[in-house]
Amino acid sequence: MIQPFIKAFFDEPTNTISYLVGDPATHSAAVIDPVLDFDMASGIADTDSAERILAFAREHGWRIEMVLETHAHADHLSAAPFIKAHTDAWIGIGSHIRDVQKIFRPVFAMDDLKADGSDFDRLFDDGDRFAIGDLAVEVLHVSGHTPADVAYRIGDAVFVGDTLFMPDYGTARADFPGGDARTLYRSIRRLLSLPDETRLFMCHDYKAPGRDDYRWETTVGEQRRSSVHVHDGVSEDDFVAMRERRDAGLSVPKLLLPSIQVNIRAGRFSEAEANGVTYLRIPVKWAKRR
Ligand SMILES: [Fe+2]
């Protein structure tokens, strides 16, 4: 089996890891989960993070042919359109993005959004296969964190998105609209039924307590032995109770509102107004009855 070339790019402001995954034989490559830099307070968007990926690809002769999203992220904006504009790459995501679009279209009154996934170039179903050069990619639908999560299995590596975090940190939250802890558990068990030596690449790392460096690579065997949330022996009911208890105490991600409205359009902002300025929408909810 050909093994992929993998280069990780860590974005500290959002704790996100983007990847360039390449086929050493043909130098075709994919970018997984690229981050658009965005400062919520000032409204300033920047492409430094994505430019670093493009510069690396240029320097090392990788031809980026696709951008793969593991899901519609709620904690960072996607730089997929920027990568696409500079490489001609297509953008792919799980086909259940339609469900996520249906959930959030009314939340942001996005009347112009077609909730059919057509903002993306390719939609993947569970078990779909495609190739990065000569490297085979298999899509695994691993919902639970959101309805549309997919993992990409490439050689002995799986890019797990927001299903698992490093073993000492556990698992992703399952309390976003359409998320479900029980479904997440089943998706995780499916990932952990892969061979023990399978390498797993995380989408996020937050440094577990007591650890002073960021890490994003582990294995199925390591997760099964030592994941604080889902090591072998943790039952579905125990997991669901733990996850729901934990999720109840989590705060809303800083970039949730801008991220969702942009990412369900494949990373595109809505059209600029007549003054040439692009705006984001913040639905206002009153905490108390007025
Ligand atoms: Fe996420």
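Predicted model: local features only at pLDDT ≥ 70, side-chain atom pairs only at ≥ 80, totals over all residues.

Trainee: Which residues of helix H3 are buried, and how are they arranged around the helix?

Mentor: H3 covers residues 97-107, and its buried residues are Ile97, Val100, Gln101 and Phe104. In an α-helix there are 3.6 residues a turn, so residues three or four places apart point the same way. Viewed down the H3 axis, the buried ones fall within an arc of 100°, so they line one face of the helix.

Trainee: And which residues are exposed on the other side of H3?

Mentor: Remember that exposed here means over 50% relative accessible area. On that other side, the exposed ones are Lys102 and Pro106.

Trainee: Which element gives the most to the largest nonpolar core?

Mentor: That core has 39 residues, and Ile97, Val100 and Ile260 are among those with the most contacts inside it. Several elements, including E8, H3 and H7, each supply at least two residues. The one giving the most, with 5 residues, is H1.

Trainee: Beyond its neighbours within four places in sequence, what is Ile260 in contact with?

Mentor: Ile260 is one of the residues with the most contacts inside the largest core. Setting those sequence neighbours aside, its contacts are Ala72, His73, Ala74, Phe104 and Phe108.

Notes: Residues numbered from 1 in each chain as written. Heavy atoms only, no water. Buried < 20%, exposed > 50% of the residue type's maximum accessible area, 1.4 Å probe, protein only. Helix = DSSP H or I, 4+ residues; strand = E, 2+ residues; numbered from the N terminus. Arc of directions from axis to C-beta. Core = buried A, V, L, I, M, F, W, Y, C linked by side-chain atoms within 4.5 Å. Contact = heavy atoms within 4.5 Å.
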